[in-house]
Amino acid sequence: MQVVAAIKIVPDDQDIQVAADRSLDFSKARPVVSEYDLNALEAAVQLAAATGGSAIAVTAGAASIDDSKTKKNVLARGMEALYLTADDACADMDAYATAQVLAPMVEDLDGWDVVLVGDGSAALYANQTGAQLAARLNVPYVAGAIALEEDGGSLKVRRKTEDEVEVLSVPLPAVVSVLPEAAAPRIPGMKDILAAGKKPMEAVALAEAPAAALEVVSCKAPVQAERAMEVYDATDAGAVEKFAAALKAAL
């Protein structure tokens, strides 16, 4: 089974700076794989290994994502190849635009069976890229997967909802978004990192600039809440009750 992991590379939130007007400065933030897509990468590798197939990663974004360290990080996690579109026309894409760019990249991969995406991106967490991509590829889409298994030409998916766990049989090809519990990301060893430099990394040219469906009016950090600065000493009489009352009043 040929498994494709469609991932997003985002600015590391630890490096994002907040200005006095609450605007966000990404200039010093290094590119990293979105936290939720690490689960998709691992799930893709495990599914490919279980079926004797291959796992390939695809991604698209601004020119800054063409970063050697980040690309090696992707390939060191078990991917056999990485296809990347790095163009400033792809900066700040919404899910609709992302699907426009990723769909042709997936279609150019001969014999692909399933595309795995993370539950959402660390940047926007819109939960829409998988659905938009499936619509463009004209294949079934399943969200909330916690386990995947090949089942005689189809894919058996354990899907978690708010109230229960469903077991679905999905015809292939398909797109599936996975929850974090689907697969814990591996920590690449030195051998994996060194081997990653020898794996194929192919740059895919952007055919045309994608059109967004959403307009971002502003993006600012939330206003910081004032702290009450109430301190309770557990050894004082009634301190626990006072703490509980203050906590209840703040909720």
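This is a predicted model: local features need pLDDT of at least 70, side-chain atom pairs count only at pLDDT 80 or more; totals for chains, interfaces and linings use all residues.
Visitor: How many helices and strands are in the protein chain?

Guide: The protein chain has six helices and 13 strands. Along the principal axes, its C-alpha atoms fill a box of roughly 70 × 40 × 40 Å.

Visitor: What share of the residues in the protein chain is buried?

Guide: Buried means under 20% relative accessible area. Of the 251 residues here, 38% are buried. The accessible surface comes to about 14,400 Å², and carbon and sulfur atoms account for 51% of that area.

Visitor: Is Asp12 buried or exposed?

Guide: Asp12 counts as buried because its relative accessibility is 9%, and the cut-off for buried is under 20%. Asp12 sits in the loop between β2 (9-11) and β3 (17-18). Leaving aside residues up to four places away in sequence, Asp12 touches Ala29, Arg30 and Val32.

Visitor: Which residues make the nonpolar surface patch of about 440 Å²?

Guide: A residue needs over 30% relative accessible area to join a patch. Here the patch is made by Tyr232, Phe243, Leu247 and Leu251. One of them, Leu247, lies in helix α6, residues 239-250. Leu247 has 42% relative accessibility, so it counts as partly exposed.

Visitor: Where contacts join residues at least 6 apart in sequence, what share joins residues at least 24 apart?

Guide: Contact means heavy atoms within 4.5 Å. In this protein chain the share is 72%.

Visitor: How many positive and negative charges are there, and how far apart are their mean positions?

Guide: There are 21 positive and 37 negative charges, with mean positions 5 Å apart.

Conventions:
Residues are numbered from 1 along each chain as its sequence is written. Side-chain values use heavy atoms; hydrogens and water are left out. Patches are made of residues with over 30% relative accessible area and no salt bridge: like charges are joined within 9 Å, nonpolar side chains (Val, Leu, Ile, Met, Phe, Trp, Tyr) within 5 Å. Accessible areas come from the Shrake-Rupley method with a 1.4 Å probe; for residues, only the protein chains shown count as cover. A salt bridge is a side-chain nitrogen of Lys or Arg within 4 Å of a carboxyl oxygen of Asp or Glu. Helices (H or I, at least four residues) and strands (E, at least two) are DSSP runs, numbered from the N terminus. Buried means under 20% relative accessible area, exposed over 50%, partly exposed in between (1.4 Å probe, protein chains only). Lys and Arg count as positive and Asp and Glu as negative; His and the chain ends are not counted. The place of a charge is taken as NZ of Lys, CZ of Arg, CG of Asp or CD of Glu.
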